[in-house]
Amino acid sequence: MELIKELPEVFEEFAEQRKNSFLAVKEAKEKGIPVVGSYCTYFPKELPMAIGAAAVSLCSMSGETIEVAEQDLPKNLCPLIKASYGFAKTDKCPYFYFSDLIVGETTCDGKKKMYELMSQFKDVYVMQLPQSQDERGRKFWRESCLELKKKLEEKFGTVITDEAVRKAVHTENSVRRALQRFYGVMKHDPAPITGLELFRVLYGSTFKLDRSSLADELNALTDKIEAEYAAGKRLDKKPRILITGCPMGGATEKVIEAIENNGGVVVTYENCSGAKAIEREVKEDTDDIYGAIADRYLGIGCSVMTPNNNRFKLLDEMIDEYKVDGVVEMVLQACHTYSVESKSVRRFVTHDKEIPYIYIETDYSKTDVGQLNTRLAAFVEML
């Protein structure tokens, strides 16, 4: 990414990154580079990176294959699960097609059973995730990470050295710091860019195969935004929104658009598409690098954890740091853990932080766009 490019062009490149990397993953396969696909932020990507593999995010944020998925899966299942399976079954996701191994995780019962079906036509390895973040859970997750290491070594006929793991950790930590610095520009008030532009860079970066160059690209982008902001280029002052809840991408951009088309600006994302997946780094200065990897990933505040204190700690910090005026929680239909936890989130936001909150339940269709605009316009106007 060249600094001379205009910001709109740069944002468009990240928005198209999923499609643009289709050719890159094909070329990786042709060069004999292993490809490991995953769906979840609990996936410790440093382990496949340590063998020189391309660790790719798989397609799961569009409704185009859901009808096919429903031939095998219940219609009242979470759209993310149905989309994941549909893209796999139809081979419409090049990342899935070219993956040598798919790594799943036991974040919900629907995904666990979906992986069973998927394993009938693809090599799928499922990591066992504990449901708590206490010391017992930490030891269990460390063992799960070591089991994944063993699986990768057996699958690709190699040995993963501690030195290679540490190098991968260092590379990915640099990406995390660059992403933190990038979305930190939204602490400015008024905001320098739109929430949709912010989101497309965050989402697009998950499909970037060359992790070693990504940090430099993100830092160059941040430098340009900061320079233009200092020169007076910024948005008008608008109500500042934080989005929390389920993972976002593709079809669910409709929620961001409904907020920003009706007078608000999304200044930060607490969900898996934003800070939840990025804020924590792997401790590098340690003798137990696998324990450090386990600690970093297990600390993610997903609603599958009980209790889920880390989610509320991150929400608390972000509401203050980004001067948030209101919180929008987006939950996908049939995502039971986030739906149940929303009551606690509402109470925390409205009582502890004393700011407005709205709950949005949606799927990957366009049928509720009008309703989203009506509800979110009223919410923004209230702010």
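This report describes the overall build of one chain and then looks at selected residues within it.

The structure is a predicted model, in which local features need pLDDT of at least 70 and side-chain atom pairs count only at pLDDT 80 or more, while totals for chains, interfaces and linings use all residues. Residues are numbered from 1 along each chain as its sequence is written, and side-chain values use heavy atoms, with hydrogens and water left out.

## Overall build

The chain contains 17 helices and eight strands, where helices (H or I, at least four residues) and strands (E, at least two) are DSSP runs numbered from the N terminus. Its radius of gyration is 20 Å, close to the 21 Å that the globule rule gives for 383 residues, so the chain is as compact as a globular protein of that length; the radius is taken over C-alpha atoms, and the rule is 2.2 Å times the number of residues to the power 0.38. Along its principal axes, the C-alpha trace spans about 60 × 50 × 40 Å.

Of the 383 residues, 56% are buried, a class defined by a relative accessible area under 20%, with exposed meaning over 50% and partly exposed in between (1.4 Å probe, protein chains only). The accessible surface of the chain comes to about 16300 Å², and 48% of that area belongs to carbon and sulfur atoms; such areas come from the Shrake-Rupley method with a 1.4 Å probe, and for residues only the protein chains shown count as cover. Among contacts between residues at least 6 apart in sequence, 74% join residues at least 24 apart, contact meaning heavy atoms within 4.5 Å.

The chain carries 52 positive and 61 negative side chains, and the centres of the two sets lie 2 Å apart. Here Lys and Arg count as positive and Asp and Glu as negative, without His and the chain ends, and each charge is placed at NZ of Lys, CZ of Arg, CG of Asp or CD of Glu.

## Backbone geometry in the loops

Most residues other than glycine have a negative phi, and most peptide bonds are trans.

| Site | Feature | Value |
|---|---|---|
| Asp189 to Pro190 | cis peptide bond | omega near 5 degrees |
| Thr306 to Pro307 | cis peptide bond | omega about -5 degrees |
| Ala334 | positive phi | near 75 degrees |
| Glu354 | positive phi | about 60 degrees |

Pro190 is placed in the loop between α9 (162-183) and α10 (195-205), whereas Pro307 is in the loop between α14 (289-298) and α15 (309-321). Ala334 belongs to the loop between β7 (326-332) and α16 (336-352), and with a relative accessible area of 29% it is partly exposed. Glu354 lies in the loop between α16 and β8 (357-362), and at 64% relative accessibility Glu354 counts as exposed.

## Residues and their surroundings

Thr107 sits in the loop between β3 (101-105) and α7 (109-118) and, at 9% relative accessibility, counts as buried. Its side chain is joined to that of Glu105 by a polar contact of 2.7 Å, a term for a pair of N or O atoms within 3.5 Å in which, within protein, one must be able to donate a hydrogen and the other to accept it, residues adjacent in sequence counting only if both atoms are side-chain atoms. Leaving aside neighbours within four places in sequence, Thr107 is in contact with Cys40, Tyr42, Leu129 and Val304.

Thr222, in helix α11 (residues 211-230), is also buried, with a relative accessible area of 1%. Not counting residues up to four places away in sequence, Thr222 touches Ala178, Arg181, Phe182 and Val185.

His170 lies in helix α9 and is partly exposed, with a relative accessible area of 45%. The side chain of His170 makes a polar contact of 3.0 Å with the side chain of Glu284, and the C-alpha atoms of His170 and Lys283 are 9.3 Å apart, although 113 residues separate them in sequence.

Leu209 is found in the loop between α10 and α11, with its C-alpha atom 9.3 Å from that of Ala28, 181 residues away along the chain.

Arg234 is in the loop between α11 and β5 (240-245) and is partly exposed at a relative accessible area of 37%. Beyond neighbours within four places in sequence, Arg234 is in contact with Pro190, Ala191, Pro192 and Tyr229, and its side chain reaches the backbone oxygen of Tyr229 at 2.5 Å. Arg234 and Pro34, 200 residues apart in sequence, are 43 Å apart in space, C-alpha to C-alpha.
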